[in-house]
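Colleague: I'd like a close look at one part of this model, the place where the two chains meet. Could you walk me through it in one go?

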Amino acid sequence: MVVSKSDIISRLQKEILSLGGVKTPIGMPMDNNGLSFLQHFPYGVFPTGAIHEFMCGSAEEKAVSCGFIGGLISTFLPQHGVILWISRTQAVFPHALCTFNIEPHKVIFIHPKCEKEVWWCIEEALRCNRIIAVVTEMKDLNFTNSRRFQLAVEQTKVTGFILNARPENTSTSGCTSRWKITSLPSRLADGMPGVGYPKWKVELQKIRNGKTGFWEMEWIGGQFKHTKREEIIIPMKERKTG
Amino acid sequence: MCKRFVVIWFPYLKTDWYAKRETELSDLPFVLYASIHNRMVVTAANKMAESKGISTAMVLADAKAIIPSLQVKEDPPGFFEKKILAFSQWFIRYSPIVSIASFDNIIIDASGCAHLWGSEENYLNDIVKRMRELGYTIRISMADTIGTAWAMTHYGEPLSIIGSGQQAQALAHLPPASLRIEPEVTERLHKLGLHCIYDFMKMPSAVLRRRFGNDFIRQLQYALGYVEEYIKPIEPVPVFHKRLQCMEPISTAIGIEIALQNVLETICVQLKTQGKGLRTAIFKAYRLDGKVEKIDIMVNRPSNDETHLFKLFALKINTIEPSLGIELFTLDALKVEETNSEQEQLWNGVGELTDYGLAQLIDKLSNKIGEQNIVRFLPDEHYLPERSIKKADDLHEHPSAKWNLTKPRPVCMLQPPEPIQVTAPIPDYPPMLFRYKNKVHKIVKADGPERIEQEWWINQGRHRDYYFVEDEQGCRYWLFRSGHYDGGKQDRWFLHGYCA
């Protein structure tokens, strides 16, 4: 029987992953609804129980990142869980979370008074397996604290999302992935007035055991949609590792 | 567990007491009087006198005019107030929690007591029978709330049992006076044609509050069981207090931890046996030099979990300064509540708001950063975006209204809105461009306007016309113009949020 080339490649890839210590995800890959960006993750599954870093320098970028995170939580994480949102100030407007299929009353907002307390709260929250996700805004993400967060989630399988408010700080971090979300002009059918569905440029700048890439995505009717199927892989020379 | 309350009313307490001692009085019309403002006023009348039309607060001379052969006795001041205390102690055989509402009303918390008599009916019948043997007429009823039981005792059948959760049906046809409200309020209700509780039971509380005051609303909520009413038991509730004297002064963190563990263990055992849990506790360390070091904790739901409470205290142990040494430790449970039964926790799905593990995490965080810094929001039925959310009181509160899904709302909201400079072509059209923080954003696409009025019953002010706009880069914003267009004379445009 002829084994196709792609089968062999995917088998070899899985072997490499298991040799590299990446565990098989517990939930099996769901129907990816044509979301080709999932192919870039190890085993083709969105990594839960990991820390994702989002670079957002401006308030606009923060808003779109929050929206995108909302979408990720409702699409890839268990339903009906409690989410902790840790930030110094109240920035997110609860009603808007409905757009991303999150029940806003299941989000607990925590406002520590200083950056040090933010770290403490994040670590405590990530060590509790009764919540599904922790979203935080922080300024000084460094290798030490990101590594601590990553170690915490590896035990509890909570997923952490960190909005890094200092995008110029691109030092090594222990996070599983690094994203950058920017807004794109929305699409509308010809001649229609008004503003369309949220549309973003999603850059996956770093992913452990996966492939980086960028896509144009929209949030339509409570789910992600790719607007362009073909994705461009960042050339090899820009990669730092792997 | 569902609570059950019994309210007992002695309509003829004073006259019954005399009739018991002087048997001939029981067959004669008989009243007690007292001198109030130099007038002889009837303070109590027995059944016979009452049936002839004599009532309390009547002048004694008038009463005598109605029945010339009326028996009279002076009412000894303060005597029956003491008597009712003795009576209420007698009722402790029916439940450990007994309270005095007034000199002729007794409230019994009968939760979990009635089954010892077979049924609730037997329980009440037993009370009635024994009181009759003692020579007292009583009216009695049992319900889930004190308010309903009180209303049924005074305005219902002489003996009534209201099933669990049936307060609303029971109260529906009773007069408003049965809610223990002030006579002026009752009068006003009747004037407005609200002759029974059913007439106003379903009215929004904001409307009722404005006209009849807070007390009225509270009594209604007490009666319907929306708000829990507390009683003051005649026997004090046990105090949860533990002291630990040290032979040698303690000055190390380990020593303090051992002391804390020791006192906490005793208190937790004590709490567990009584089915209670603490909400707030304070741990004090008395130093040799006379100063007292304190650390306190609070928890979201009553807890008697030793390890959890210890963890909360442990976060603060390093704030205790032992100085020369500590000679005495005390632990007080300041606020103690009933714990939910253990069984309930088994049903809790992981990841729900009722989860015990989540409550423990929140306790830990709130003890570190302060309770006020942890918030959860529920929708509120207001139009203005900043008023459309309210803070939830606790982890269990569920939204009473629906979350708004129909209109676009910004993910990140600016509070307060930031003023911006705008060029708008024609009135009521979205602006062509706006300038915010010295950056010009050219608007390409726009939705709107969505007009949101100030709610006149809360405050006066200009309405807002909201536009959902997108600039050249594709960034989406939520802008509004405050008030009507006035030819750009004043800057009244604001940026209110960033959209995803």
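How many residues does the contact take from chain A and from chain B?

Modeller: The contact takes 44 residues from chain A and 43 from chain B, where two residues are in contact if their C-beta atoms, placed from the backbone, lie within 7 Å. Keep in mind that this is a predicted model: local features need pLDDT of at least 70, side-chain atom pairs count only at pLDDT 80 or more, and totals for chains, interfaces and linings use all residues. Residues are numbered from 1 along each chain as its sequence is written, with chains lettered from A and ligands numbered from 1 in the order in which they are written.

Start on the chain A side. The elements giving two or more residues to the side that touches chain B are α2 (59-76), α3 (94-97), β3 (107-110) and α4 of chain A; helices (H or I, at least four residues) and strands (E, at least two) are DSSP runs, numbered from the N terminus. The largest share, seven residues, comes from α2(A). By class, that side of chain A divides into 27 nonpolar, nine polar and eight charged residues. Here Ala, Val, Leu, Ile, Met, Phe, Trp, Tyr, Cys and Pro count as nonpolar, Asp, Glu, Lys and Arg as charged, and the others, Gly among them, as polar.

Now zoom in on the helices. The axes of α4 (residues 115-126) of chain A and α14 (residues 356-369) of chain B come within 10 Å and cross at roughly 170°; axes are lines fitted to C-alpha atoms, for helices over the stretch in contact, and angles run from 0 to 180 degrees between N-to-C directions. From α4(A), the contact is made by A:E117, A:W120, A:C121, A:E124 and A:A125. They meet B:L361, B:K364, B:L365, B:K368 and B:I369 of α14(B). This helix contact has six nonpolar, no polar and four charged residues.

The strands join in too. β3(A) runs antiparallel to strand β13 (residues 374-379) of chain B, with three bridges joining them; strands pair if DSSP finds at least two bridges between them. Within this pairing, A:I110 stands opposite B:I374 of β13(B).

As for the chains behind all this, chain A has five helices and nine strands, while chain B has 14 helices and 20 strands.
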